[in-house]
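Student: I've never looked at this protein before. Could you walk me through it with a few questions and answers?

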Amino acid sequence: MSGVEADFDVADVDFTKTDGIIPGVVQHAHTGQVLMVGFLDEQALATTLRTGLATFFSRSRGTQWTKGETSGNVLRVEAVELDCDRDTLLLHAVPSGPTCHTGEETCFDPGARRGSFVHELDEVVRVRQAELPEGSYTTSLFEGGVRRIAQKVGEEGVETALAAVAQDDEALLGESADLVYHLLVLLRSRDLGLADVERVLRQRHG
């Protein structure tokens, strides 16, 4: 199934309630932002699970289509969840470009409330690592290597601790923000991310 995680089979899905098609909500796998809503029939779901590319059923054309097949802005699906009524899907996907045909990253109001900003920042850091844009501070950190990034995390950790005992709240928040940012860069330098840290915390929680 091209690495797509799904704890159900296509046969488990109830396609009977809405004439053979069900809604699929696409959520950014890293930031939690809702990107779009599409509709899937049994074949589109099977194709999505097999190829790892978000594939839908066009109600107007009556045919299957893969998101980004023309623009190249595909949605690479990492996991699919089935809701409690077995008639709605949640697709966790990573976009390769703007999701909306308008050129926006989401089909919903881009100024609307999103998920965790730390997740968004983690995604920005991931993209910076992949593209290494010239003039970017994040690029300079990656080019300095893991040891240099680790050193920065150590420095920011000390500054955060000192701010906690000797400075005001604004200073503590500022140093904490610096620490979180550099920690995200350090994780990415080891091909890890915020989701990996969350996984460990969940396991510890119980």
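Student: Which helix do R202 and E198 both lie in?

Tutor: Keep in mind that this is a predicted model. R202 and E198 are four residues apart, about one turn of the helix. Their closest N and O atoms are 3.8 Å apart, and the two form a salt bridge. The helix that holds both is α6.

Student: Is R202 buried or exposed?

Tutor: Let's go by relative accessibility, where exposed means over 50%. R202 comes in at 57%, so R202 counts as exposed.

Student: How many helical turns separate R199 and D196?

Tutor: These two form a salt bridge as well, with the closest N and O atoms 3.7 Å apart. R199 is partly exposed at 41% relative accessible area, and D196 is partly exposed at 27%. Because they sit three residues apart in helix α6 (residues 194-205), the separation is about one helical turn.

Student: Which helix holds both E156 and K152?

Tutor: The side chains of E156 and K152 meet in a salt bridge, at 3.7 Å from N to O. Both residues are buried. They are four residues apart, about one turn of the helix, and that helix is α4 (residues 146-166).

Student: How many salt bridges are there in the whole structure?

Tutor: In general, side chains of opposite charge can pair when their charged atoms come close. A search of the whole structure puts the number of salt bridges at seven.

Student: What about aromatic rings: at what angle do the planes of F56 and W65 lie?

Tutor: The whole structure has two aromatic pairs. One of them is F56 with W65, a tilted pair with 5.3 Å from centre to centre. F56 is buried, with a relative accessible area of 0%, while W65 counts as partly exposed at 22%. The angle between their planes is 40°.

Student: How far apart do the C-alpha centres of domain 1 and domain 2 lie?

Tutor: The domain assignment gives domain 1 as 5-95 and domain 2 as 117-205. Taking the C-alpha centres of these two, the separation is 33 Å.

Student: What area is buried between domain 1 and domain 2?

Tutor: Four residues from domain 1 and four from domain 2 take part in the contact. Between the domains there are two residue pairs in polar contact, but the count of salt bridges is zero. Carbon and sulfur atoms give 55% of the buried area, which is about 390 Å².

Student: How many helices and strands does the protein have?

Tutor: Reading along the sequence gives the pattern β-β-α-β-β-β-β-α-α-α-α-α. The C-alpha atoms fill a box of roughly 65 × 40 × 30 Å along the principal axes. As for the count, the protein has six helices and six strands.

Student: And what share of the 206 residues is buried?

Tutor: Buried residues are those under 20% relative accessible area. We've seen F56, and also E156 and K152, in that group. Across the 206 residues of the protein, the buried share is 37%.

Conventions. Residues are numbered from 1 along each chain as its sequence is written. This is a predicted model: local features need pLDDT of at least 70, side-chain atom pairs count only at pLDDT 80 or more; totals for chains, interfaces and linings use all residues. Side-chain values use heavy atoms; hydrogens and water are left out. A salt bridge is a side-chain nitrogen of Lys or Arg within 4 Å of a carboxyl oxygen of Asp or Glu. Helices (H or I, at least four residues) and strands (E, at least two) are DSSP runs, numbered from the N terminus. Buried means under 20% relative accessible area, exposed over 50%, partly exposed in between (1.4 Å probe, protein chains only). Rings of Phe, Tyr and Trp (its six-membered ring) pair if their centres lie within 6.5 Å; planes under 30 degrees apart count as stacked, over 60 as edge-to-face and the rest as tilted. Domain bounds come from an automatic or database domain assignment. Contact means heavy atoms within 4.5 Å. Buried area is the accessible area (1.4 Å probe) that two parts lose on being put together, summed over both. A polar contact is a pair of N or O atoms within 3.5 Å; within protein, one must be able to donate a hydrogen and the other to accept it, and residues adjacent in sequence count only if both atoms are side-chain atoms.
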